[in-house]
Amino acid sequence: MLCTYIVVVVTRADAAETLLSQGRPTTASSIENVGTPAASATDGNAGTRWSSAYSDPQWIQVDLGSTQTITRVALNWEAAYATAYQIQTSANGTTWTNVYTTTTGTGGNQSLPVSGSGRYVRVNTTARATQYGVSLWEFQVFGGDTTPGTCGTANAALGKTYSASSTENAGTPASSAFDGNNGTRWSSAASDPQWVQVDLGSTQVVCGVTLNWEAAYATAYTIQVSTNGTTWTTIHTATGSTGGVQTLTVTGTGRYVRMNGTARATQWGYSLWEFQVRVQGVPATTSDTPSSPSSSPSQPSTSPSQPGSNVLLSYKKPAFASTSQNDTNCNPCTPDKAFDNDPASRWATNPTGGWVDPGWIYVDLGATAQIKQVVLQWDPAYAVAYQIQTSADANNWTPIYTTTTGKGFRETLTVNGTGRYVRMYGTARSNGYGYSLWEFKVFGTGGAPVQPPAFPADPVFPATNLVWADEFNTGTNVDTSKWTIDPGTGQNGEIQYYTNLENTSVSGGSLVIEARKQTLGGRDYTSGRINTSNKFSTQYGRVEARIKVPKGNGLWPAFWMMGTDFLQGRPWPYNGEIDIMEILGRNTSEIYSTLHAPAYNGGGGYGQKITTVDLSLDYHVYSTEWDSKHMTFRVDNQIILVANKDTVETTRGPWVYDHQFYLILNLAVGGDFPGPIDATTPFPSRMYVDYVRVYK
């Protein structure tokens, strides 16, 4: 928590309410700038906000994930509020029903009892109170069982704060058990005991738990509750458990709920696709949107900014630091790289004399400014203790934020200060290295801002405007007006040589990429690889291909994308890589989708594997839906991975995918990931591609 809050507490004697909206997918009619996205209104942080363009009407809506009973909506308006608006619900996100209407809104904190149901809930504003847009610090939707003493149906753990005794790797964090996505999972280290727990936010009567186990399940475990996260009471004990989906009826009271595994079913750890909690209704206290921050000088102020007026002030501004690194390991990592709006470049202190405390970096905004927000995207070399300071002359500094508990990754700080210069002043490092920031963004008013390049408009999914395609219905080989042939040896320990059109053909309405046992280019195997570099690239959209993959040990078919800056010399993984589909021929019932970036790549990429049907038996559609906020990967209609920009930045590192990417198809042989071929691997083996399509 960034602040200690004075909290408005509402006690409802007739309901056990559950906060349904926190962390759920949120969209809006518009945003004022990248610092005020729709997701900031449902993130549980009263120091971040959504703000709209300066026009009427505007809306913000949240997808609860399934149809829910809605009992109350809480709105915490910024100074730019709406005088006229409706609260609306919808089953499909298209047809809306009003459950609350006002033309005399007064802003501030509003707790609105409503009666309705729907999967989607929207605030639809029709009249603004100011000349600016509309802006919400928080938009909270509550619901649940309205009969005292009965068990609710809503998942009270969804999107809540979580922790675990361990994680197997960075791709299986504890958060994945509480994200409402059955395609992501938490997995632990391979030892006993292990636990995963959730903080419900307030003390609740816990009446039900659902565990959706992955194949690495627990044969023995307990469900425990606690009021303080330290002292635990067991409310369910399981021995001889068989995994799968387990829906448990329990009785207990606590703020924290834990699965404590004591015996594993396999040699691996424990793994849960989802951990759901249901609560019931003794009169529950529900923490509404905080109304005012603590006045503690060591925490950021959450005083409202001037309505709808904060802009990015630091882009392309002169920058200075205590030291900077510029060598073969970080070339260059100079101060300006923290202010270039490029999440794949960074500033770092110099290993020679710079890995000491204190260490600092500051930016010259060009003129005096009111500073309202600072966003730090840390490299693993982050500050545990630091200050955000302002100055009129770059000599005399005033702290406007202080912490001794910095956590790294992305930190979004609501502050209130005045100055031409803004500095991060680090006093304690997280490890033996120095300080390093991918991005240091300053938002507010005044200064002399330079407007960064705008992103393209986000597609509206399902996207239907076909902007590029190859149906492979004409000719006998690859259309070189659409595709670049990419011959040569592969990476990652692959053993094939990619030929120039010899291993590709078009036949029967499909592209055929054929792997052969054939000596060429110093290798004993050949195959094909093509891409759209210098022919076609895209930023956002639905990218899909219908593919039939081969089966066999060591075969590695893939459909993926690379950032176009790779073509201009930016090395991997700084350009970004989007793997829509990778399948290993040794097990064609498994599919991998993965993102690679400087802070997470290779075996530590941000990705997911799911098990499905044998994908070598027929064609299947592999796709991603990609915009400035997320990517959703699917095989046919089954979700493999949902990668949310906000989650990636706050748990793994920078999101490096807001630029142009080109498409790649290839069939590799051998390598670090699929492993070696053997006597059973069939040659020739063929990968068939029915079509590739891109929609906006």
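Residues are called buried under 20% relative accessible area, exposed over 50% and partly exposed in between, with a 1.4 Å probe and protein chains only. The structure described here is a predicted model, in which local features need pLDDT of at least 70 and side-chain atom pairs count only at pLDDT 80 or more, while totals for chains, interfaces and linings use all residues. Numbering starts from 1 along each chain as its sequence is written, and side-chain values use heavy atoms, with hydrogens and water left out.

Backbone geometry makes a friendly place to begin. Most residues other than glycine have a negative phi, and most peptide bonds are trans. Ala394, although not a glycine, has a positive phi of about 65 degrees. Ala394 sits in the loop between strand 26 (383-391) and strand 27 (398-403), where strands (E, at least two residues) are DSSP runs numbered from the N terminus. With a relative accessibility of 18%, Ala394 counts as buried. Asn534 also has a positive phi, near 65 degrees, and is placed in the loop between strand 37 (529-531) and strand 38 (541-548). Asn534 counts as exposed, at 70% relative accessibility.

Cis peptide bonds come next. Asp56 and Pro57 are joined by one, with omega about -10 degrees, and Pro57 belongs to the loop between strand 5 (50-51) and strand 6 (58-77). Another cis bond, also with omega about -10 degrees, links Asp192 to Pro193; Pro193 lies in the loop between strand 12 (186-187) and strand 13.

A search of the whole structure for disulfides (pairs of cysteine sulfur atoms within 2.5 Å) finds two. In the pair Cys151 and Cys207, the sulfur atoms are 1.9 Å apart. The torsion about this S-S bond is about 80 degrees, so the disulfide is right-handed. Cys151 lies in the loop between strand 10 (135-143) and strand 11 (161-164) and Cys207 in strand 13 (residues 194-213), so the bond ties together parts 56 residues apart in sequence. Cys151 is partly exposed at 33%, whereas Cys207 is buried at 7%. In the other pair, Cys330 and Cys333, the sulfur atoms are 1.5 Å apart. This link is left-handed, with -70 degrees about the S-S bond, and both cysteines are buried. Counting bonded cysteines along the chain, the disulfides follow the pattern 1-2, 3-4.

Conventions: Helices (H or I, at least four residues) and strands (E, at least two) are DSSP runs, numbered from the N terminus.
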